[in-house]
Amino acid sequence: MSVAGAAPAAVRALPPVTEVPDLGSVRAESWHVTETRAGATGSPIGAAIRTLTGELDQERADSSKDFPQDRVIAPTTGVILGVLRRGAARGDVRRGAVVPAVADVLPAVLLHRAELCGGAVGGAFGVELLEQVLLPTVRPERRGRRRGGVR
């Protein structure tokens, strides 16, 4: 099997992204996704994907680039959108945060970190990602207090 054929095969071997059970809070549900995806990126299959992707020349990489997007990133973003919708219904996520751009942050940062650190995405980083990035981004505004930011 060629390197170009092996990368998509390795991506298909990753555990599928599945819906997150209702764990009662956006934090618990987001942690479930973070832990699952961080484990997959640090797994032997995740290492194989990174190695194979690094071996592809530009032409073959262009023909294989959709596999990680279709098999890992898009499904994870979809699952996080579901978590955010459920959180908005519970009142622990502001309605304006239930958008693909916000849901894409978690898988994008995890993938980026896995690539930089050779697949090792530790639990401490996952907690920091949730506590310092995702949760403050989606937290509902308190009455009488305005959110800072770009206008």
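1. Accessible areas here come from the Shrake-Rupley method with a 1.4 Å probe, and for residues only the protein chains shown count as cover. On that basis the chain exposes about 8600 Å², and carbon and sulfur atoms supply 56% of this area.

2. A word on the model before you look further. It is a predicted one, where local features need pLDDT of at least 70, side-chain atom pairs count only at pLDDT 80 or more, and totals for chains, interfaces and linings use all residues. Residues are numbered from 1 along each chain as its sequence is written, and side-chain values use heavy atoms, leaving out hydrogens and water.

3. Now the overall fold: the chain has eight helices and zero strands. Helices (H or I, at least four residues) and strands (E, at least two) are DSSP runs, numbered from the N terminus. Of the 151 residues, 34% are buried. Buried means under 20% relative accessible area, exposed over 50%, and partly exposed in between (1.4 Å probe, protein chains only).

4. Next, have a look at helix α8, which covers residues 123-138. Its 16 residues reach 21 Å from the first C-alpha to the last, close to the 22 Å expected; the expected span is 1.5 Å times one less than the number of residues. A kink of about 35° is centred on L130, the bend at a residue being the angle between axes fitted to the seven residues ending there and the seven starting there. L130 is also among the buried residues of α8, which include F125, G126 and L129.

5. Which residues does T34 touch, leaving aside its neighbours within four places in sequence? T34, in helix α2 (residues 26-41), is in contact with L106, L110, G126 and L130, where contact means heavy atoms within 4.5 Å. The C-alpha atoms of T34 and L129 are separated by 8.9 Å, although the two residues are 95 apart along the chain.

6. Finally, is T34 buried or exposed? T34 counts as buried because its relative accessible area is 2%. A polar atom of the T34 side chain lies 2.9 Å from the backbone oxygen of S30.

Note on methods. A polar contact is a pair of N or O atoms within 3.5 Å; within protein, one must be able to donate a hydrogen and the other to accept it, and residues adjacent in sequence count only if both atoms are side-chain atoms.
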